[in-house]
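This report describes the structure shown below. It begins with a term and then takes up separate parts of the chain.

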Amino acid sequence: MPMLSKIIYLRNQKASKTLLTKIYSHFKENSRKLTNEISQQNKTQDPLNVLRNLASQGNRCPPSQHPPHSAFRHYTTNAKRSLLKQDESKIKVYEPNISNTSKQRVYAWGLQETGALGLLTDVKKAQERYTSIVHHPTRSQFSVNNEVLDITAGYGFSAYAVQRSDGETLFGSGINTDSQLGFQVTNRAQGMHNLDIIIYPTAIRLPRVEDETDSDMIVRCMSAGRAHLIVVTRNGTIFTMGNNSYGQCCRTIIEDEVYRGSAVIHRISEKDICGPEDEIVDVVCGQDHTMFLTKLGKVYTCGWGSDGQTGQGHYNTTGTIVQAMGDISGEKIVKLACSCDCVLALNNNGDLFGWGNSEYGQLSDSDVDNTQINTPIHLKLTQGIGKLTDVAAGGSFCMALNEEGLVYTWGYGILGFGPLVEQSSKPQRLLPPLFGRNDFSNKTCVVSIGCGVFHMGAINSDGDLFMWGKNRFGHLGLGHKKDQFFPFKTAINGKVTKVAYGVDHTLAICKAFI
C-alpha cells in the first residue's frame, strides 16, 4: 500500500510539471504577440492613443507585457508641459493680508492709573482687571478706529491729532484737573461734574469762527507741558488750554484763576506772533513755558522764566509772546528741544545753541559759567563731533545725533554708559552696536532721538526703538520697573516713526511691517 501511494504521487507530480510547462509556453507566446502588436501600433499610431487603448482594455496585462518605457518618453515630456498649463488657473496662490500702510498704529505703555494711555474703555471692567502700570507696549484701540496723525504726551495726559469724517480733529485722555484737555463734564443727577480723569480719548472741541471748515481745524503741530496743551491748526490758528499760572498759555496771568472745570480755550492767530510773511511750523512745551518755531527759523517764547528758559534776557514770568534773540538772532533754527527747563536749538548748519537751566553742565563745561542762562548762546562743547541733525534735552542731561547716526549724551543721570557713569561734562559717544548695528546689519544707524525728564530714547533706521534711563513707572516698556543703564530695544509690533516721551508714560506711532 505505501508503494502504491508513492507511485500515484510521482505520476501526479509529472502531470503537474507538464501542465505548468504548457501554461508557461502559452503565456510566453501571448506576450510576444502583444509586444509585436504594440510595436506595430507605435509606428502608425500616436503614443497617447496607445495608452488610451490599453486603458480601455483594463490594462490587465502582466508587467512583462508592458510597452517599453522609451516608447512613451516623448509623450511624458509633452504631457508635463500640457498639464502645467492646464492647472495654472486651479493653483491657489497664498496672498497675506496686507495692512493699510497709510494707517498708523499707536502703542502706549507706562503709568495707566492717570488714564494717559487711553487703553481703558469701561470703568467697571477696568476695576475688575485693573493694573496701575502697563509694562509692555500695547496697541491703542483708539488708533484702530481713527486715523491718528500726531501725538503728544504731557505730565499724566496725552493728546491725539486725528482726521475724521465728523470734523473732530483733537482728542485727549488722562489727567484733566486743570482743563488741559478742554471742558469735559458729565451729567449726573446732582448736576454737572468736571471729569478730572479721562480713561479713553475724548474729543476736545476747538472753538471755531464763521466760515472755518473741518480742513482748517486739522492739527499742524502740538505739544504738551506739565498742565497745559498748545495746538496749532492748518489755517494758522493757535489754541491754548490748561494752567496759565506762569503765562504758558500765551495770555495774561489772572491771580487766583480757577482752572478745574474751566471752559477757557485761548485763540491766537499766527500772524499776531510772526507776521504775515512767516508761519509757525512747530511748537515745543517745557514744564511751564511755551516756544514756537517759524518757517524762517525764528523762535518765540512765553511762560515761566525763573531759570532763563524763555530766552528773553530776564528771569521773569510772562504771558506775552516775545522773540528770543541772543546768539540765535540771524540764525535759521530748524529744531527746538525741551522737556523741562533746559532748551536746545539746532540751526540749518548743524550748530547747537542753548539756554535755560545748566546746573548739571548741560550748556557749558566751565565751572564758573552761570547755571541759569537767560539768553541763547552758541554751545562750543559739541564742536568736534560732526554736523548735528537732531537734539534732545531732559531734566538734567542732553542728547545729540550727528549726520553719521552716532548718539552722544552728557549732563547728569543715566546716560547709557552703565551704572557707574552718572555725570559727564562733555558729550560722550554711545557705541553703534547698542542700537542694532552688527555684522549682519552693518549699515544700521540712529535716525531720531528724544527724551523725557528722566529717560531717553532713539529710533534706528530699521524702525526699532531703544530706551534707557529711569523706569519707575514702567515707561521704558521693557516688562519691569527697574532702571535701564544701557540702551535696550523695546518690543513693538511695528516700525516706529515717532515717539512722545511723557514724564510717566510713552506713546509711539508705528507703521505695519507689511
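The structure is a predicted model, in which local features need pLDDT of at least 70 and side-chain atom pairs count only at pLDDT 80 or more, while totals for chains, interfaces and linings use all residues. Residues are numbered from 1 along each chain as its sequence is written, and side-chain values use heavy atoms, with hydrogens and water left out.

The side chains of glutamate 257 and tyrosine 259 are joined by a polar contact of 3.3 Å. Glutamate 257 sits in the loop between β11 (237–242) and β12 (266–269); strands (E, at least two residues) and helices (H or I, at least four) are DSSP runs, numbered from the N terminus. Glutamate 257 has a relative accessibility of 18% and so counts as buried. Buried means under 20% relative accessible area, exposed over 50%, and partly exposed in between, with a 1.4 Å probe and protein chains only.

## Two residues with positive phi

Most residues other than glycine have a negative phi. Aspartate 256 is not a glycine, yet has a positive phi of about 60 degrees. Aspartate 256 lies in the loop between β11 and β12 and is exposed, with a relative accessible area of 76%.

Serine 179 also has a positive phi, near 60 degrees. The loop between β5 (170–175) and β6 (185–188) holds serine 179, which counts as buried at 3% relative accessibility.

Two strands pair if DSSP finds at least two bridges between them.

β3 and β4 (residues 157–163) run antiparallel and are joined by 6 bridges. Aspartate 150 is opposite alanine 161 in β4.

## Aromatic pairs

The whole structure contains 7 aromatic pairs. Rings of Phe, Tyr and Trp (its six-membered ring) pair if their centres lie within 6.5 Å; planes under 30 degrees apart count as stacked, over 60 as edge-to-face and the rest as tilted. The ring centres of tyrosine 360 and tyrosine 412 are 5.4 Å apart and the planes are at 15 degrees, so this pair is stacked. Because tyrosine 360 is in the loop between β19 (352–357) and β20 (372–378) and tyrosine 412 is in strand β23 (residues 407–412), the pair ties together parts 52 residues apart in sequence. Tyrosine 360 is partly exposed at 36%, and tyrosine 412 is partly exposed at 36%.

One aromatic cluster is formed by Phe142, Tyr160, Phe171 and Tyr200.

## Nonpolar cores

A nonpolar core is a set of buried Ala, Val, Leu, Ile, Met, Phe, Trp, Tyr and Cys residues joined through side-chain atoms within 4.5 Å. The largest has 31 residues, and those with the most contacts inside it include Val299, Ile333 and Trp355. Strands that each supply at least two residues of this core include β14 (289–294), β19 and β23. β18 gives the most, with 5 residues.

A second, separate core has 28 residues, among them Ala108, Ile459, Ile492 and Ala500.

Conventions
Polar contact = N/O pair within 3.5 Å; in protein donor to acceptor, adjacent residues only side chain to side chain.
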